[in-house]
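Reader: I'm new to this one. Can you walk me through it once it's on screen?

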Amino acid sequence: MPNSERSPSLRRKAAALLLPALLAAAAPALAPAQPVGLPDLGDSAAQELSPRLEQRLGDAIMMESLRDPAYIDDPDLLQYLTGMARQLSAHAPVGTPNINVFAVRDPSINAFAMPGGYIGVHTGLVVAAQSESELAGVLAHEIGHVVQRHIARGLVQQKQDTLIMVAALLAALVAARGNSQAPEAAMAFGQAAAINSQLGFSREAEREADRTGFQMLEAANYNVNGMASFFGRLMQASGLNERTGQAFTRTHPLSIERMSDMQNRARGVVIHDRPSSSDFYFVRAKMRMLQANSGQDTLEAIRYFENRTTEAQGIERSAAYYGMALGYVRQRQYDKANDAYLAATSGARTHFMLEHLAIDLALARNDTQQAISLARSAVARWPEQRGLAMAMAESLQRAGRNQEAVDFLKEQMLKWSDEPRFYQMAAVSYSRLGSAVNERRNMADYYAMTGALPAAVEQLQQARAASKDFYEQSQIDAKVREYQRRLKEERDLLKRFQS
Ligand SMILES: [Zn+2]
């Protein structure tokens, strides 16, 4: 394993070597050769994967995932998905697991649970959901796998091959240099999916996840039929050899038995007839547009929405216009985008995602005055939306009002202490204000929050060198010591795992 004595470039190389090797180690078809640069695993490696080790493993995969081009960095979507998952997991049978959901740009219908409570949802899955309860049904099933610790239990059962992968991921974590350009690392979802498909949940695990998921779905007042109707359509699709549905059914094998269990369970409870929220329709429209990978795809998605505007009514019609507007923004046809936005708001309809779009449109026109004024009222009206807060900070930055941006961002950090993006944005403004120390310190916070402790230490050391204030220097020193202590704990954790 890379350690502090080695040169940074060697460490970087080691980390770069590890990741493609992981894919090889994870592919069952390939010989389980010990890949170059991997830590050696002793016989006792098959020991229990503790919740803490599982969490750190999940963090390591997630840290790589943030660099994956398929990762969708959209605060509105993240907040919606994670919010829904937490409503469900609040009703978990034992304890409340820490769940974080993210979206993956991929038209196939799939979702996967990673170690540490991270759940990835493909855009294709959201697009295919016909109601919010259907989406909640799939999420509940995935949370069921998390609650039952199927990933950790599966990893331990996998013995050597997968454990090599686990050790490699942990080694990559303690060697992390932060979000430097590392195209080799851009295959994180390959790893996550590989872990899932290698584990290939057993029938028993599927039944457990269904049962636990069902309980959470019911307790959170979703329509419990959502689970059966979505899985039913998936099973039909995979029976017809439709490629889109196969990804999910490969890792979560569906059977007639499972389907009838689901239906029987639903018969035993009162069905909540819960209409989908307006958030669901706007989120689904955005997912459809975000999964378009080419100009041609974008054009097709715009046409799809255009048709929907003539068929659909009410909120669905508004969401179709919203989708059209997003498409035109992509094509840089801002006048058309604005027309579609206005059509989406007809009948005095308002939604925070429509307002977010209006801010983006103002920024696209370089009308920063308008963007700031729209953002200010949107933040006041929907104070619980992080995406709007980010749009506000971005508008101030675009207007060159960096001191105001910093002040605003500091307020948001107090409100959402777990959001790394505010620190990253603050670093940008500090850099423009010529404050190198504050820039580095905020980047250090950003790295520490995304799990890249070595990168955080590096930033702090640079901040320390640039600082001329004794008090500030000792504050920085204290933080360096804290991160180094945490880093040592990580390395010890890995060592214990190895020996
Ligand atoms: Zn499953």
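Reader: Start with the second largest pocket. How many nonpolar, polar and charged residues does its lining have?

Author: The lining of the second largest pocket has 16 nonpolar, two polar and 11 charged residues. Keep in mind that this is a predicted model.

Reader: Which residues are closest to the centre of that second largest pocket?

Author: Asp74, Lys286, Leu290, Val329 and Asp360 are the closest to its centre, out of 29 residues that line the second largest pocket. The space in the second largest pocket comes to about 650 Å³.

Reader: And which helix gives the most to that lining?

Author: That is α17, with six residues in the lining of the second largest pocket. At least two residues each come from α3, α13 (278-290), α15 (314-330), α17 (352-364), α19 and α21.

Reader: Ok, what about the largest pocket, what volume does it have?

Author: The largest pocket has a volume of about 1,100 Å³. Its lining counts 33 residues, and Tyr71, Asn100, Asp418, Glu419 and Pro420 are the closest to the centre.

Reader: Which element gives the most there?

Author: α3 does, with six residues in the lining of the largest pocket. Elements that each supply at least two residues to this lining include α2 (51-65), β1 (100-104) and α22.

Reader: Which domains does the lining of the largest pocket draw on?

Author: At least three residues come from each of domain 1 (8-267) and domain 2 (408-499). By class, the lining of the largest pocket has 15 nonpolar, nine polar and nine charged residues.

Reader: Pro420 came up. What touches it?

Author: Thr450 is one residue that touches Pro420, and Thr450 also touches Met63 and Leu66, not counting residues up to four places away in sequence. Thr450 lies in the loop between α22 (436-449) and α23 (453-466).

Reader: Is Thr450 buried or exposed?

Author: Thr450 is buried, because its relative accessible area is 12%, and buried means under 20%.

Reader: Switching topic: which residues touch the most other members in the largest nonpolar core?

Author: Leu88, Ile119, Leu135, Phe231 and Ile359 do, in a core of 124 residues. This core draws at least three residues from each of domain 1 (8-267) and domain 2 (408-499).

Reader: What does Ile359 touch?

Author: Not counting residues up to four places away in sequence, Ile359 touches Ala371, Leu374, Ala375, Ala378, Leu388, Ala391 and Ser395.

Terms used. Residues numbered from 1 in each chain as written. Predicted model: local features only at pLDDT ≥ 70, side-chain atom pairs only at ≥ 80, totals over all residues. Heavy atoms only, no water. Core = buried A, V, L, I, M, F, W, Y, C linked by side-chain atoms within 4.5 Å. Buried < 20%, exposed > 50% of the residue type's maximum accessible area, 1.4 Å probe, protein only. Domains from an automatic or database assignment. Contact = heavy atoms within 4.5 Å. Helix = DSSP H or I, 4+ residues; strand = E, 2+ residues; numbered from the N terminus. 1 Å grid on protein atoms, 1.4 Å probe; cavity = no way out; pocket = protein on both sides within 12 Å on 5 of 7 lines; lining within 4 Å. Points joined across faces, edges and corners; volume = space filled by probe spheres on them. Nonpolar A, V, L, I, M, F, W, Y, C, P; charged D, E, K, R; others polar.
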